[in-house]
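Biologist: May I put a series of questions to you about the model that we are about to view?

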Amino acid sequence: MKMYVKIIFIAAAVILAGFLALLFNGRKIQVKTDKNVEGLSEELCEVLYLASLAPNSHNTQMWKVKVDTQNQTVVIGLDKSRRLPVVDPYDREMTISLGCYAGMLIEAFEAYGYECGIDYLSGDDYVKIRYNKVNDEILYDRIERIYKRHTDKSAFTDTALSNGQVNNIVLYDNVYYFPKGTEQFTYIKENMLAAVTQQSYDKAKAEELANWLRLSNKETVEKKDGLPAEQLGLSGVVKSMYYLTTTHDSAQKDSFAKQSINTASRQLNGCAGFLVITSGDSREELLSCGIELVRIWLSAVECGVSVHPMSAILEEEPYYSRIIQDLNLSKQPQMVLRLGIADNYGENAAIRRDLADYIIVEEN
Ligand SMILES: Cc1cc2nc3c(=O)[nH]c(=O)nc-3n(C[C@H](O)[C@H](O)[C@H](O)COP(=O)(O)O)c2cc1C
C-alpha cells in the first residue's frame, strides 16, 4: 500500500475513534441508586426513593430522614453540610426544597395506598409526615408522573399554554401566571437576565456553583448528586465537549459566566410564560410553598407543560426586594418557574444518592 494511502487510513481511524469516544462519553449516564435500607420493607424503600426524586436546589439533596416504623412517621431535617450558604444564606431555598421532599413523599405514599398527615416542627427537625396504609391498590399513573417530572432547561417552542393547561397549573390563590406579551412577563424576563448576569460574575457564587457541578461521568456516578451534564440538559457530542472543555476552575472564569448568560437569554426567549408562587417567609410557609410546588409541577407533567425554576431574580439584590411591589403582589414571590411546551417532554435523569446515606431507622 502506498504511504499516503496508509496515512489517510490512519488519520481516518483516529478521527473515527475520537468521534466514537465523544459519542460514548456523551451517552446518558445511569446512576444506580441503592434503594435498600436495613429495617425497612421493600415498599417503604420504594416510597422513600420516589420522594428523593423531588426537585431541590442545585440537586444537593439536603434532606436528613428518620423513619419510625412503629409510630409510622418520617421526620425530615436539613443536612447542614449540603447548604448553599453563599447563594441562599437564610436557607430560603433549602426550606422550600425540604417542602418539596415532604410533598413528594406524600405523593409517593398516596400512590401506594397510604393516607398522610403533616406536622411542622421547630429546631433541627423541619417536618413530620404521618403515614397509614388504607388500601392495597397501587396507582401506577401517579408513580409514572413522579418519574417523568424533571427540570427542563431547554428553550421551549413558541406554543402558548391553553386555558385548560393554565387552570390545571394555577392551583392556589397565591400562584400567578404571566404569559408572554404581558407587562409582568417582560418585567420578569428583563430582570431575570440582569440578575443572572450579576450572579454569574460574582466570584463567591461562581465558586459555590462550581463545587456542585459534576464534570465527568465518573464524578456523577461516584457522587450521585449535584449538577452533571444531564441536569443541565446536555447530551451527545455537546455533553462530551462540555466535559472535555470544563473544569471546576474554568467554571469560575468569565468565559463560563458569558456562556451561562447566553444560555439564560435563550431560555428566557424560549418560553410561554412565568409562574410565580408567593408566600410568607416563615419556615412553615416556605415548607408549604415546596409542597405546593410539587403538586403544581406534577399537574404540569400531566398536561404536558415543561417546567424550569429560575431563581436568580430571587437570589440577587435589588431584584428580590423589588419584585413584590413591581408585580403588585400581596406576598413575596418564592419561586419563579419558566413554563412552556417542549419538543420532547423527557424524563427525570434520576441522579440521586443511596437511601442509606441519609435515612436512619429509629429503634423503639
Ligand atoms: C428551591 C429551588 C430552586 C431552584 N432554582 C433553580 C434555578 O435557579 N435554576 C435551575 O436551572 N434549576 C433550579 N431548580 C431546579 C433544581 O436544580 C432541580 O430540581 C435539581 O437539579 C433536580 O433536578 P430535577 O428537578 O430534574 O429532578 C430549583 C429547584 C428548587 C426546589
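Biologist: On what basis are the values given?

Modeller: This is a predicted model, in which local features need pLDDT of at least 70 and side-chain atom pairs count only at pLDDT 80 or more, whereas totals for chains, interfaces and linings use all residues. Residues are numbered from 1 along each chain as its sequence is written, and side-chain values use heavy atoms, with hydrogens and water left out.

Biologist: Between which domains does the ligand lie, and why is it placed there?

Modeller: Domain bounds come from an automatic or database domain assignment. Residues of both domains contribute to the shell around the ligand, so the ligand lies between domain 1 (42–149 + 349–361) and domain 2 (163–213 + 248–340).

Biologist: Which of the 20 residues around the ligand come nearest?

Modeller: A residue is near a molecule or strand if one of its heavy atoms lies within 4 Å of it. By class, the shell has 5 nonpolar, 11 polar and 4 charged residues; here Ala, Val, Leu, Ile, Met, Phe, Trp, Tyr, Cys and Pro count as nonpolar, Asp, Glu, Lys and Arg as charged, and the others, Gly among them, as polar. Of the 20 residues, those that come nearest are Arg 149, Thr 151, Gln 231, Ser 311 and Arg 352.

Biologist: How much of the accessible area of the ligand does the protein cover?

Modeller: Oxygen atoms of the ligand lie 2.6 Å from a side-chain N or O atom of Thr 151, 2.8 Å from a polar side-chain atom of Lys 153 and 2.7 Å from a side-chain N or O atom of Gln 231. Accessible areas come from the Shrake-Rupley method with a 1.4 Å probe, and for residues only the protein chains shown count as cover. Of the 620 Å² that the ligand has on its own, the protein covers 91%.

Biologist: How many residues of strand 6 are buried?

Modeller: Buried means under 20% relative accessible area, exposed over 50%, and partly exposed in between (1.4 Å probe, protein chains only). Gly 273, Leu 275, Ile 277 and Ser 279 point one way from strand 6, Phe 274, Val 276 and Thr 278 point the other way, and all are buried. For strand 6 (residues 273–279), the count of buried residues is 7 of 7.

Biologist: In strand 8, which residue is the bridge partner of Thr 278?

Modeller: Two strands pair if DSSP finds at least two bridges between them. Strand 6 pairs in the antiparallel sense with strand 5 (residues 175–179) over 5 bridges, and Pro 179 stands opposite Gly 273 there. With strand 8 (residues 332–340), strand 6 pairs in the antiparallel sense over 7 bridges. The bridge partner of Thr 278 in strand 8 is Pro 333.

Biologist: Is Gln 61 buried or exposed?

Modeller: Gln 61 is placed in the loop between helix 2 (42–52) and strand 1 (63–68). Its side chain makes a polar contact of 3.3 Å with that of Asn 59; such a contact is a pair of N or O atoms within 3.5 Å, and within protein one must be able to donate a hydrogen and the other to accept it, while residues adjacent in sequence count only if both atoms are side-chain atoms. A polar side-chain atom of Gln 61 also lies 3.1 Å from the backbone oxygen of Ile 351. Since its relative accessibility is 0%, Gln 61 counts as buried.

Biologist: What is the omega of the peptide bond from Glu 317 to Pro 318?

Modeller: Most peptide bonds are trans. Pro 318 lies in the loop between helix 12 (312–315) and helix 13 (319–326). The bond from Glu 317 to Pro 318 is cis, with omega near 5 degrees.

Biologist: What is the phi of Asp 91?

Modeller: Most residues other than glycine have a negative phi. Asp 91 is found in the loop between strand 2 and helix 3, and it counts as buried because its relative accessibility is 14%. Although Asp 91 is not a glycine, its phi is positive, at about 60 degrees.

Conventions
Helices (H or I, at least four residues) and strands (E, at least two) are DSSP runs, numbered from the N terminus.
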